[in-house]
Amino acid sequence: MNIEHFLKNTSPSWIEGSEDYSDIVMSTRIRLARNLNGFRFPITFSEEEAKQVDESVLQVLLSVKEEGPKFSYFPMKEMPSLQRQVLVEKHLISPHLAKREKTASVFLTEDESISIMVNEEDHIRIQCLAAGLQLHETYAKASKLDQCLDKELMYAYDEQLGFLTSCPTNVGTGLRASVMMHLPALTMTKKMNVLIQTMARLGMVVRGIYGEGSENLGNIYQISNQITLGKSEQEILDELQNVVEQVIQKERQARQQLFARAPIALEDRLYRSLGILKYARILTSEEAASCLSNVRLAVDLQIISDISLSQLNECMLLIQPGFIQQYAGTMLQAAERDIFRAKLLQEKLQIQEQNESTVRGKGEDLYDV
Amino acid sequence: MICEHCKQRHATVTVTQVHNGTKQERHYCEVCAGKFHPFQMELQDEPVSIHQLMSDWLGLPIWKNQVQGEVQQKQQPSTCPSCGFTYRHFLKVGKFGCARCYDTFRDQLPPVLERLQADVKHVGKTHSGEHQTEYYQKQIETLRQQLQQAIAEERFEDAAKLRDETRAIERKLNVGGVDSP
């Protein structure tokens with residue numbers, strides 16, 4: 001599979017939505033950290049070791065039998081930085097991997113639901129993505145792949161400490177399960193801070209979706225487990241599922257309250273956002289993200305019905321700097337990006353508008369006759 | 001608790017005696033315990049004389065070596081033989097340099113892990129272990145060769161370290177390879 005496929009495709013399988021809770025949960029991500037015996041961790045290893053690790057993973061993954069997933073292999077060294085950035089923005093690789101100077105690579109399946117990073121912070125990081133809330137199913141997929149690799153490679157494993165990882169925050173199961181949630185009503189009603197603190201006490205971490213520091217751009221939060229040692233995978237997944245379901249309930253309540261208290265004010269706010277997205281000529285990523293969040297809420301509340309969730313998910317990806325530049329076909333300054341961002345969003349939402357007018361056109365014809 | 005013998009210092013040693021089927025517990029301070037306890041002599045020996053290491057080598061009980069190992073580790077910051085990380089360096093970067101670090105710093109790990117994790121014991125999925133046994137056996141073989149060489153060159157301190165490493169791996173081999181599903 002050509003890299004172009006992964007760069008151009010803005011609607012990978014996990015973006016489709018429509019699973020359970022898809023009005024609030026955008027996607028599920030499972031990550032397993034593994035290391036190989038006999039090689040130092042990427043933080044200290046030599047280029048020679050890096051190559052050997054890369055080589056051995058390559059051999060195993062490209063010889064996967066017919067029924068197994070098929071991977072395309074992309075070495076980081078040969079990839080231009082803009083392409084790397086796009087993959088980061090699609091969450092297919094981590095920013096850390098994109099910056100590696102020693103031999104590192106990523107394996108991707110065509111539908112982009114599995115990505116295996118080699119020589120990131122750990123030798124191997126298996127990552128599985130899925131739409132909606134599917135913690136157990138996604139873990140099962142990752143675990144199966146993990147077993148395939150375990151058969152062929154020698155994992156660094158300790159009877160007492162489990163799978164050994166470079167960072168002691170991953171040791172044990174090496175499992176990080178994350179759920180991406182859209183929580184506009186809880187954010188508007190300023191309940192997120194308390195919620196984040198409560199979740200920290202339950203051993204869960206909350207981050208913004210566009211990486212560290214981007215706190216709650218677009219009101220999207222990523223909730224994941226903190227603990228990896230002393231709990232089984234099943235317990236970790238069950239606990240996260242439990243917390244996520246509670247947050248969903250809270251968000252739904254908050255939405256209903258907002259809508260009940262001031263329906264017109266809310267509708268006004270959401271429609272204004274749609275107006276901005278359709279007609280603005282300059283859009284910063286912050287403004288675009290918050291408008292998209294509002295439109296998404298309007299779709300969820302069935303105030304706006306002519307825009308689909310998958311279309312919005314796609315726009316969420318597209319507003320990031322790497323994508324904008326990929327679209328423009330050149331590197332851009334921040335101010336230029338804002339202009340292109342507005343144009344790109346207009347195009348995406350315009351397509352819908354055209355469909356709409358053709359439908360209406362037909363309708364009018366009928367009426368005239 | 002105060003030492004039952006001198007009634008002055010803090011009691012840090014518990015001695016359990018079984019006499020005619022009845023169990024008796026006594027609490028002494030280190031100084032007084034030294035006077036009663038038959039093994040105490042060895043604890044107070046100089047820990048790193050070559051003489052001592054050689055006599056360990058010749059097959060004195062293992063538990064004594066472990067006590068010594070602990071004393072040594074507390075005294076000097078250990079360095080990971082594989083990647084050269086010290087514990088201080090680990091604290092600075094928050095990451096380990098290699099899988100071996102977990103062995104090197106095993107004694108210092110519990111407080112770190114307790115703060116970050118639910119427990120210090122893995123209860124999740126285990127690995128297949130198919131290649132593990134093979135790998136450990138190879139490792140032991142290499143270590144034994146190095147050991148022979150160290151003895152031949154009279155590098156006894158190195159030899160002692162290599163021997164400890166070999167034993168640690170042997171222990172893993174006995175625990176690990178067999179019973180994991």
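User: Which domains does the assignment give for chain A?

Analyst: Domain bounds come from an automatic or database domain assignment. For chain A that assignment gives domain 1 (3–255) and domain 2 (262–349). The C-alpha centres of domain 1 and domain 2 of chain A lie 26 Å apart. This is a predicted model, in which local features need pLDDT of at least 70 and side-chain atom pairs count only at pLDDT 80 or more, while totals for chains, interfaces and linings use all residues. Residues are numbered from 1 along each chain as its sequence is written, chains are lettered from A in the order in which they are written, and side-chain values use heavy atoms, with hydrogens and water left out.

User: How many residues does the contact take from each domain of chain A?

Analyst: Contact means heavy atoms within 4.5 Å. It takes 22 residues from domain 1 of chain A and 26 residues from domain 2 of chain A.

User: What area do the two domains of chain A bury between them?

Analyst: The size of an interface is often given as the accessible area lost when the parts come together. Here buried area is that loss (1.4 Å probe), summed over both parts. Domain 1 and domain 2 of chain A bury about 2,300 Å², with 64% of it on carbon and sulfur atoms.

User: Which residue forms a salt bridge with A:D300?

Analyst: A salt bridge is a side-chain nitrogen of Lys or Arg within 4 Å of a carboxyl oxygen of Asp or Glu. The partner of A:D300 is A:R255, and their closest N and O atoms are 3.1 Å apart. The count between domain 1 and domain 2 of chain A is 1 salt bridge.

User: What are the values between chain B and chain A?

Analyst: Chain B and chain A bury about 3,400 Å² between them, 58% of it on carbon and sulfur atoms. In chain B, the residues that lose the most area to chain A are B:Y102, B:H122 and B:K125, together 21% of what that side buries. The contact takes 37 residues from chain B and 45 residues from chain A.

User: How many salt bridges does the rule find across the interface of chain B and chain A?

Analyst: The rule finds 3 salt bridges there. One of the salt bridges pairs B:R106 with A:D158, where the closest N and O atoms are 2.5 Å apart.

User: How does the side of chain B that touches chain A divide into nonpolar, polar and charged residues?

Analyst: Ala, Val, Leu, Ile, Met, Phe, Trp, Tyr, Cys and Pro count as nonpolar, Asp, Glu, Lys and Arg as charged, and the others, Gly among them, as polar. That side of chain B has 17 nonpolar, 12 polar and 8 charged residues.
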